[in-house]
Amino acid sequence: MLNLTGKNALVTGIANNRSIAWGIAQQLHKAGANLGITYLPDERGKMEKKVAELVEPLNPSLFLPCNVQDEDQIKSTFETIREKWGKLDILIHCLAFASKDDLTGDFSQTSRSGFNTALEISTYSLVQLSGAAKPLMTEGGSIVTLTYLGGVRAIPNYNVMGIAKAGLEMSVRYLAAELGPQNIRVNAISAGPIRTLASSAVGGILDMIHHVEEVAPLRRTVTQLEVGNAAAFLCSDLSSGITGQILYVDAGYEIMGM
């Protein structure tokens, strides 16, 4: 039976109640995990307030600001985990960003700054956070990130984010190879298109969702909680022999040729 009681889990990337990270956090809590939540700080504190109100029912024991473009905040986050928890068992990486201007039009017109920003936040942050988590996963652990089919196939308007996801998936494999001897497993979930704050920046996202509903074997797309269930599985002992993998949770769309 899936049981995460006694496990400390850090969840990143919750922005609102449509976030896939929110679905994951709910299912980890349901399985008994002790949660730590990070949020992206802003000058007015709006995100802190919004996320704090949302996650209150999950009773997180840590609630921390963490902008992955700020090395000091990353360091502070994991120092707090060491002080308060002593160890970390689970890291959920749900971070991705690209400028809306770089998610439409010709891919060849992607700006240098836009390209760098997308890969820094969406790809390199997994490497950063995994490196920070490694010394705290003293009893082994599980790292789970989110990817999308656009990392292996050309998807209209996904553009630079497709490059970021391709890099993310390869990072999963290299991290799995590095961390495996410490019994730390690293996997990714490739979720079908879901209406989230991040996906709203992708031009034609609703058309993509409708297409999946028409073509996928299950004739629907998936929910945040379904992705959350898969993440809870990958964080549990039920998946103890699985690492370096991309698990498709997309109602079967990935298998279809047309």
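In which helix does Thr-123 lie?

1. Thr-123 is part of helix α4. The structure discussed in this note is a predicted model. In this model Thr-123 has a relative accessible area of 9%, and because buried means under 20% relative accessible area, Thr-123 counts as buried. Apart from residues up to four places away in sequence, Thr-123 touches Ala-118, Ala-164, Gly-167, Leu-168 and Ser-171.

2. Helix α4 also packs against another helix. Two packed helices are described by the angle between their axes and the distance between the axes. For helix α3 (residues 71–84) and helix α4 (residues 112–133), the angle is about 35° and the axes are 10 Å apart. The crossing of α3 past α4 is right-handed. On the α3 side, Glu-71, Ile-74 and Phe-78 make the contact, while α4 contributes Gln-128, Leu-129, Ala-132 and Ala-133.

3. The next point concerns annotated positions. In the unreviewed UniProt entry, the annotation "active site" covers Tyr-148 and Tyr-158. Of this set, Tyr-148 belongs to the lining of the largest cavity.

4. With a relative accessible area of 12%, Tyr-148 is buried. When neighbours within four places in sequence are left aside, the residues in contact with Tyr-148 are Ile-155, Tyr-158, Lys-165, Glu-169, Ser-190, Ala-191, Gly-192, Pro-193 and Met-208.

5. Asn-159 is not a glycine, yet its phi is positive, at about 45°. Asn-159 is located in helix α5 and is buried, with a relative accessible area of 15%.

6. Ala-251, also a residue other than glycine, has a positive phi near 60°. Its place is in the segment after β7 (246–249). The relative accessible area of Ala-251 is 8%, so this residue is buried.

How values were computed: Residues are numbered from 1 along each chain as its sequence is written. This is a predicted model: local features need pLDDT of at least 70, side-chain atom pairs count only at pLDDT 80 or more; totals for chains, interfaces and linings use all residues. Side-chain values use heavy atoms; hydrogens and water are left out. UniProt positions are given in the numbering used here, feature names are shortened, and annotations may be inferred rather than shown by experiment. On a 1 Å grid over the protein atoms alone, a cavity is a set of points where a 1.4 Å probe fits but cannot get out, and a pocket is an open set with protein on both sides within 12 Å along at least five of seven lines; lining residues have an atom within 4 Å of a point. Buried means under 20% relative accessible area, exposed over 50%, partly exposed in between (1.4 Å probe, protein chains only). Contact means heavy atoms within 4.5 Å. Axes are lines fitted to C-alpha atoms, for helices over the stretch in contact, and angles run from 0 to 180 degrees between N-to-C directions. Helices (H or I, at least four residues) and strands (E, at least two) are DSSP runs, numbered from the N terminus. A crossing is left-handed if the near helix is turned anticlockwise from the far one by less than a right angle, and right-handed if clockwise.
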